[in-house]
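Please open the structure in a viewer and keep the selection tool at hand.

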Amino acid sequence: MTPAIGYASIAAVTVVTVLIGFFGVRISRTTSDFYVASRTVRPWLNASAIGGEYLSAASVLGIAGLILLQGERALWFPIGYTAGYLMLLLFVAAPLRRSGAYTVPDFTEARLESRGARRVTSLLVILIGWLYIVPQLQGAALTVGITTGLPRWVGAVGVAVIVGVVVAAGGMRSITFVQAFQYWLKLTAVAAPVVFVLLLRPGTAPDAGAALEGAFPPFTVADPDAVYRAVSLLVALLLGTLGLPHVLVRFYTNPDGPAARRTTLIVLCLLSAFYVFPIAIGMLGRVFVPELAAGDADALVLLLPGRMLPSPWAEAVTALVIAGAFGAFLSTSSGLVVSLAGVVSQELFAGSVRGFRIAAALSVVVPLTIAAVTESAGLAGSVGLVFAFTASTLCPVLLLGIWWRGLTARGAVAGMVAGAVACGSAILLGWLVPDAGLAGALIDQPAAWTVPLAALTMVLVSRLDRRGAPRGTDRFLARLHLPEHALELGAEALSGLRRDAGADGRLDRRNR
Amino acid sequence: MAESLLSGLAIAAAVALLAVAGYLIARRLARGPRELGTDAERARFTTLHLATRAAEHLREGLEKGDTVRAARDLRAMLDCEGLAIAGADGVLAVDGPDAFREAAARAIATRSGPKPQLHRAIAGQGRDAVDAVSAPILTSGVRAGTLVAFARAARPGLVRATGEAARWVSTQLELAELDASRAALAEAEVKALRAQISPHFIYNALTAIASFIHTDPAKARELVVEFADFTRYSFRRHGDFTTVAEELRSVDGYLRLERARFGDRLDVTLQIAPELLATVIPFLSVQPLVENAVRHGLESAERGGRVTITATDAGACALITVEDDGVGIDPELAREVLAGRAGGEHVGLRNVDTRLRQVYGDDFGLVVETNVGAGTLVTMRVPKSQPLRAGGAHEGRLAG
């Protein structure tokens with residue numbers, strides 16, 4: 001592969017992203033028209049932005065690689081990543097939008113009225129954010145290494161420095177437009193190889209049928225190990241999505257709860273459309289270039305067009321793919337760093353501007369260190385474990401906090417600690433004791449037992465807590481679950497304003 | 001599988017452990033070496049420490065405060081078998097065996113004077129009999145509750161100590177009442193501040209409308225409706241908070257009325273990050289800034305001028321700025337106005353500044369950058385995350 005293509009694409013997507021990050025909003029909304037200025041972001045634009053932020057290295061590179069390696073078992077990943085939004089739509093999106101809390105720590109503090117619960121949540125959010133940035137940096141290292149021939153660490157350091165500097169300098173904050181652009185870039189990047197290979201290579205490989213049959217054997221429930229792994233992975237991905245820090249913030253761009261729900265619905269469609277292509281690439285890889293499985297399977301998306309297309313097309317499509325992949329690392333990491341820096345600066349530096357800069361630097365340095373001392377081995381799997389950890393810690397707090405009035409601060413803290421310890425030690429144990437039979441499955445995919453454990457601990461400790469739920473619970477829950485206009489009418493009724501609604505003018509105006 | 005991540009997690013765990021350890025050590029060091037003094041010194045320290053802790057729990061009064069924890073600290077302070085705190089309507093918290101709750105109720109039932117009273121063998125039988133000492137908690141001379149201490153054989157020392165503890169609790173409750181009345185005062189002040197629409201503006205708006213009645217009746221009618229909309233928003237009675245979008249709508253209404261006078265001489269530019277439209281801000285906090293810019297920045301300048309309103313996302317905060325290129329303010333005067341020493345012209349700035357400080361704390365006051373002839377830039381910073389504040393009315397309220 002020609003390094004020039006790699007350099008050109010990476011430079012182009014970096015420059016474009018940084019420029020839009022700094023100037024995008026100014027260009028888009030400088031106006032003297034109040035109507036234009038106070039037009040909120042449309043759900044579809046916001047949904048594109050969520051897609052752009054959510055589709056990380058694991059989705060763009062990891063899934064195709066995993067299908068090349070594991071075949072049918074890898075299909076659970078795209079299903080879980082997408083269906084996680086269904087959970088978000090059903091249980092979290094609208095109530096959280098109405099709560100007014102921008103981060104999970106803010107939410108726990110408001111719901112549980114406890115600084116302690118807030119601190120524990122903040123710590124977990126920071127930890128999860130760090131771990132989630134690591135695979136992004138590893139993906140960048142892989143991409144840069146393969147496409148330009150530079151040493152791998154250059155890619156990780158490059159993305160970390162760009163994201164850290166841009167975020168610390170104040171860019172990338174009003175990033176709805178950047179992230180929306182990134183979604184469409186990523187979609188094009190993964191769709192192009194599939195479309196062009198199908199168009200330009202009409203003939204099929206002689207043993208295509210056999211290759212695919214080997215990859216996708218009929219699923220049997222006879223193997224308890226495989227069933228457990230699939231269930232556990234699905235639990236992790238479905239519930240892990242609920243707690244991701246950078247995803248929650250996006251919902252505030254919606255003006256109200258119903259818009260948040262509409263946005264989530266569109267996100268589901270956009271993600272479903274996206275995941276068709278990594279799966280297709282994985283299958284194409286299995287049929288045409290199975291030898292890649294021996295090396296870096298995650299590089300399949302980058303290498304496939306070069307191997308399969310004739311000359312001018314190969315370069316063009318490769319450039320596009322590199323741009324899309326690099327865009328994924330930049331957008332997901334900057335979204336994460338912005339929300340992480342927000343949490344860190346609020347906890348440690350009382351939300352000052354200088355504190356935000358230090359926090360942004362911290363938020364890239366720690367993951368960079370972790371990425372430097374470890375090596376990329378299966379992006380999708382790594383991200384899957386981060387999801388399992390999120391599902392065992394933050395997800396029970398969110399779900400029980402929104403839907404169960406009995407949750408107390410002690411219960412929440414106990415559950416989060418139990419989930420974190422159980423899931424964390426399972427992950428560590430899996431590292432120390434590889435291959436342990438059925439117990440190995442419990443350790444490899446811990447979500448199926450750690451999530452219920454955390455939730456159960458929360459319920460039990462809350463029940464035993466003599467102090468009971470905080471006093472403001474009923475009011476807070478009413479705010480989460482009542483539609484905005486109902487709440488407003490309620491407030492008016494309470495303050496006796498309904499009696500003189502004519503004077504207030506609101507009702508007669510509606511009737512006019 | 002995914003061994004790299006596993007080792008990554010191991011390192012992360014190690015880093016986290018180190019961070020926790022570092023935090024604990026730092027806290028320990030920050031507290032300074034606390035020498036273990038004589039028994040008397042330690043007892044003094046323990047008592048004061050418990051009193052401080054209990055005071056925190058009583059800070060919001062008996063009904064709203066955390067009486068359960070206060071009871072625990074008071075029990076440790078009095079070193080007795082159990083302790084109950086009762087309010088005006090009955091027992092609020094009991095620290096000790098459950099049987100004490102009923103006993104405490106009995107002890108309160110025998111009303112007594114302001115002195116602590118000893119009830120012999122109020123719970124239990126024979127050798128397990130427990131005495132109780134009840135002491136009234138008085139605030140402003142009125143009985144607000146009762147403190148009941150339980151002990152196996154209550155001695156006069158405990159009776160005196162309980163009496164003192166009850167008086168101490170009374171003082172804390174009076175402080176809590178003071179807090180409540182201070183909050184109520186602040187709220188009343190905010191309400192009063194909110195209600196100030198400048199009479200100057202009303203006069204100008206009505207004159208402008210009057211000038212159109214003969215020349216352009218349709219426009220005059222439109223302006224009257226605009227005026228009605230604007231005043232309705234300003235006189236809104238519920239909710240101290242609103243969203244950026246709604247506040248902008250009110251600013252729009254206000255500027256349309258001003259344009260009726262200024263004509264094309266008033267140029268307005270907006271740069272609003274759409275992410276911030278739903279951000280909660282204090283009701284009528286941007287409009288007075290715009291009014292200040294128009295009135296004091298541009299009105300005196302012959303050529304008219306430009307007002308720029310921006311809202312940008314700054315991490316955990318939203319930054320809202322209002323800038324004009326008018327005559328500016330003398331920095332000294334601006335300082336005096338914000339400090340509340342000079343009233344008069346720029347009262348709107350002071351009003352918004354006071355409310356922002358009251359709601360979000362002193363770090364969130366207005367920042368005014370200005371000089372004579374150099375225009376004025378007013379910056380307001382608001383935290384984005386305000387989970388306990390409703391954004392006021394429903395979207396589309398004024399669009400009706």
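The pLDDT is the predictor's confidence in each residue, on a scale from 0 to 100. It applies here because this is a predicted model.

**Chain A as a whole**

Begin by selecting chain A and colouring it by pLDDT: the mean is 80, and 83% of the residues reach 70 or more. Next, select residues 494–512 of chain A, where the pLDDT is below 50. In the model, this stretch has 14 contacts beyond near neighbours in sequence. Where pLDDT is low, the predicted coordinates should not be read in detail.

Among contacts between residues at least 6 apart in sequence, 83% join residues at least 24 apart.

**The two domains of chain A**

Colour domain 1 of chain A, which covers 3–200 and 246–375, and then domain 2, which covers 473–507. Where they touch, 7 residues of domain 1 are in contact with 6 residues of domain 2. Which elements give two or more residues to the domain 1 side? They are α5 (76–99) and α6 (104–112) of chain A. The largest share of that side, 3 residues, comes from α5(A). By class, the domain 1 side has 2 nonpolar, 2 polar and 3 charged residues.

**The nonpolar cores**

Now select Leu137(A), Leu300(A), Val301(A), Ala325(A) and Val290(B): within the largest nonpolar core, of 222 residues, these touch the most other members. Helix α15 (residues 311–348) of chain A gives the most to this core, with 19 residues. Apart from this core lies another, of 43 residues, including Ala70(B), Ala93(B), Ile108(B) and Ala166(B).

Centre the view on Val290(B). Leaving aside residues up to four places away in sequence, Val290(B) touches Val251(B), Tyr254(B), Leu255(B), Val307(B), Ile309(B) and Val322(B).

Finally, select strands β11 (residues 367–370) and β12 (residues 376–383) of chain B, which run antiparallel and are joined by 4 bridges. One bridge pairs Val368(B) with Val378(B) in β12(B). Show the side chains of β11(B), which alternate along the strand.

Notes
Residues numbered from 1 in each chain as written. Chains lettered and ligands numbered in written order. Core = buried A, V, L, I, M, F, W, Y, C linked by C-beta atoms within 7 Å. Buried ≥ 20, exposed ≤ 12 C-beta atoms within 10 Å, placed from the backbone. Contact = placed C-beta atoms within 7 Å. Domains from an automatic or database assignment. Nonpolar A, V, L, I, M, F, W, Y, C, P; charged D, E, K, R; others polar. Pairing = 2+ DSSP bridges.
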